[in-house]
There are 2 protein chains.
Amino acid sequence: MPDPVTASGAPTGGTAVSPLLIRMQASDNVAIVANDGGLPPGTAIPGGPVLLDRIPQGHKVALVAIAAGAPVLRYGIPIGHALKDIPAGTWVHERLLQMPDARGLDGLPKATVQPAPLPPLEGYTFEGYRNADGSVGTRNILAITQTVQCVAGITDFAVRRIKAELLPRYPHVDDVVSLEHGYGCGVAIDAPDAVVPIRTLRHISLNPNFGGEVMVVSLGCEKLQPQRLLPPGSVAIADERQPAGADAVLDVVCLQDDAHVGFLSMVESIVRQAEGHLRRLNARRRETVPASELVVGVQCGGSDAFSGVTANPAVGFCTDLLVRAGASVMFSETTEVRDGIAQLTSRATTPDVADAMIREMAWYDAYLGRGGADRSANTTPGNKRGGLSNIVEKAMGSIVKSGTAPISNVLAPGEKLRAKGLTYAATPASDFICGTLQLAAGMNLHVFTTGRGTPYGLAAVPVIKVATRTELARRWHDLMDVNAGTIADGTATIEDVGWELFHLMLDVASGRRKTWAEHWKLHNALVLFNPAPVT
Amino acid sequence: MPDPVTASGAPTGGTAVSPLLIRMQASDNVAIVANDGGLPPGTAIPGGPVLLDRIPQGHKVALVAIAAGAPVLRYGIPIGHALKDIPAGTWVHERLLQMPDARGLDGLPKATVQPAPLPPLEGYTFEGYRNADGSVGTRNILAITQTVQCVAGITDFAVRRIKAELLPRYPHVDDVVSLEHGYGCGVAIDAPDAVVPIRTLRHISLNPNFGGEVMVVSLGCEKLQPQRLLPPGSVAIADERQPAGADAVLDVVCLQDDAHVGFLSMVESIVRQAEGHLRRLNARRRETVPASELVVGVQCGGSDAFSGVTANPAVGFCTDLLVRAGASVMFSETTEVRDGIAQLTSRATTPDVADAMIREMAWYDAYLGRGGADRSANTTPGNKRGGLSNIVEKAMGSIVKSGTAPISNVLAPGEKLRAKGLTYAATPASDFICGTLQLAAGMNLHVFTTGRGTPYGLAAVPVIKVATRTELARRWHDLMDVNAGTIADGTATIEDVGWELFHLMLDVASGRRKTWAEHWKLHNALVLFNPAPVT
């Protein structure tokens, strides 16, 4: 866990006149300006330089003179090398930095850090929906799986009818969600990488928040046939229509079935099939379960320089609490951890886990290379405006979401979670693709940190949004669930916000509180990761 | 235009007892069974063999004995070579065929066919919305462009308010459409192939059905900044707020703008900006324009063996009518025309046009090859059940949609149409990706043929759906707009159905008739073609 120190002594509240700088490690030769509105030239930093430039909020200032070619250190590591002499007090932005190459994937330390086990955290519970397969839902949702985009319009029509006509009669069901996606016959389904979108869709259908009530709408002629999407044995259906011990029969509404005469008969089939599932879902009740049943996906988006100082360290502290409580936590976003690979392989519990991580990084390096890109394609104009000079700096701030626990598992994109503890779930950094893959892994609660601000939400799982800055939390007061900006303001510690988040998770998981995204019903699309070509 | 002949003489109506076979060319050694329900073994084909197998409807029968290794001829070309001796009367399915390799792209005939010009077709008009840039809309729609998936939830919320509160006051506006897409910051925006999704989104915003009223919702920190999506000069804005002669200012609602305090203020901004556009759109009226203003995208999906016999030839006849009337027609679906490349390069108006077509095919071959796939990944289980053995056979039936006119232009994926006449718009065959790219090219009317059946629709442009079989047209009576199955039944000719479609196009374009997809408001998603990697 980084330990923020300020060049100006302890944080004092961040007024415009009192300069507030945050340095992550004592060895850093830059610090970021925390003051709202930044700091003007001429400002004297107590114990440091006089500013030569205006430094925007979240941007870096050189604390000492940095010679051309010397490393610029943040988080104790070189985030770049000076392209020319940088006098103390200068604004250090991306145009003054030569980004280092990505570290090679050979000779990495593997499972070399074996920290003392974190003390168990016992006695925390939430109210969840226990499923037949042992998983626990935080919401009670009927999800309608689709094999192909062709059926999306009709399914949407049917879902509107189900919500208007049926859902009010099943008050213990939270929602009806259409699992629409852009996957169609066009995907080269036998291409080696097509396994990724296929298993993603399969595993999303089995997300704990859907209670095992799998229902599929199929067109009929699509490449991704229902039996290929959900082969026998993949669905454990607890259904009174199934004889005991018999192989479960997948519930499929096929639009091209001869029995369908006209549009409304197709809608009628979907509505009728939905009702059986709604009846069973409606009979379920929340029960007290240990916090170890949480499956939390952590992610960041619209990051700024505060992400790695406030929100992400608070999430990292909370990650440790969750791991101590026996829960499952996934961190992801391959291009945002690539530059920290040595830290991560060191923290792996075994060399095998480290090797799995290296395998995912190597696959992604090759995937990007085929398209003429590399990890540097990650950073956005907003990241840079927010003070993040390059992907190295962004990655250092992103990784801290993973806390300090040993990394005990690795998932390839679209795979289902295999064990509790801290897992690296390899995904692209794109918010929607990462969220979709974490849903597939079995996430039942989502934590999302943001510095620039995003209204991100998912229909299937509650998303708790954490603001990195107080100004954002105030302005987006009805979109941000937690304000980690208090850490930069000096009014709360990382531990305070980590515990606040932990308690909020238990409340949201229990349905006692809704997130703002749930309140407004803000849902982003499922976006599949398809590294295979389309035809 | 293929000229169907029947092995049993003139079609007589297709009862179960009178065998009805369709052979496309006199040289073909197979024909397809047109009878509903197929034909049983023992059926004697007048002037042909006695059937040895049950032949399902739409499937092929060997008219003569075909020796192992000999070509199986349909559409006058080898769709495969017999894997063993095939006696006359045998069901010829994909397991008896060795698919030929794709023809190489060297040494192709270029602009070698110079048919006599088609006679002009004059005097046909429709009622359309004339735009400032000279294009003509068939609908009057407010489209809300989005730079990134992040804003989709809020935009959707705002669009529901606009439809409920504002739209009833602007009765000349047909609809408000959110141009949601899965593109986000995750895309490697500087990768060479990222130009495809970027220009696709740009050009969709400029579709003629949106009347030049471009309005953008942006998050603020995204890679695809509004000015990158729609650079100065790309939008011809006729707006009373703009001083005459000044550079048009793009209308952008940016959610991260400091002025936005809280969720509802963002919604309010979108609704307020929308109202100005609605007011101007509402002042527009349809006017009589020549049929040459139609920009028609033709496509097929859920194809069967009848696609190439009934619906696609009728569309091809109509394509010729449209070209004769001076209109624009696009055909697409690279993997479905790849096997007919020699026909197409021959039909190019100039060697340059032929070279452009070859360039697109070569690009796509390489793209598929990088992902370990080739054109054979196109055919679906439904195609095969419908009688299409492989992509060669499917391609021959697909290409006939393009009629007989010279091919005068070629578009790369996402490009905007440059000229009237017949254009090959290179796209993947995936229905949604193809439709999205044809929208970007400037399509104002869409024709979609289907044999297995699909409820396909688009929010931005009317989609006329043509059934290949009477049985489908009857059963899906409120989803199919035209029945081309009458051609196989013998109750109509290709010309009859082609003219029916042409007249229906003018009615639908004029707003006098709605398609079934419009009636039910069935809309599939926009799905971008993104050959670049995501990060």
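Trainee: How do β19(B) and β20(B) pair?
Mentor: Strand β19 (residues 445–450) of chain B and β20(B) run parallel, over five bridges; strands pair if DSSP finds at least two bridges between them. B:Val447 sits opposite B:Ile464 of β20(B). This is a predicted model, where local features need pLDDT of at least 70, side-chain atom pairs count only at pLDDT 80 or more, and totals for chains, interfaces and linings use all residues. Residues are numbered from 1 along each chain as its sequence is written, while chains are lettered from A and ligands numbered from 1 in the order in which they are written.

Trainee: Ok, and what does β20(B) join through two bridges?
Mentor: Strand β21 (residues 482–483) of chain B, also parallel to β20(B). Strands here are DSSP E runs of at least two residues, helices H or I runs of at least four, numbered from the N terminus.

Trainee: Is β20(B) buried or exposed?
Mentor: Five of the five residues of β20(B) (463–467) are buried, so the strand is largely enclosed by the rest of the structure. Buried means 20 or more other C-beta atoms within 10 Å of the residue's own, exposed 12 or fewer, partly exposed in between, with C-beta atoms placed from the backbone.

Trainee: Which residues are on each side?
Mentor: B:Val463, B:Lys465 and B:Ala467 are on one side, B:Ile464 and B:Val466 on the other.

Trainee: Switching to α8(B): which exposed residues are on the face turned away from its buried side?
Mentor: B:Asp352, B:Ala362, B:Ala366 and B:Gly369. Just after α8(B), B:Gly372 has a positive phi of about 75°.
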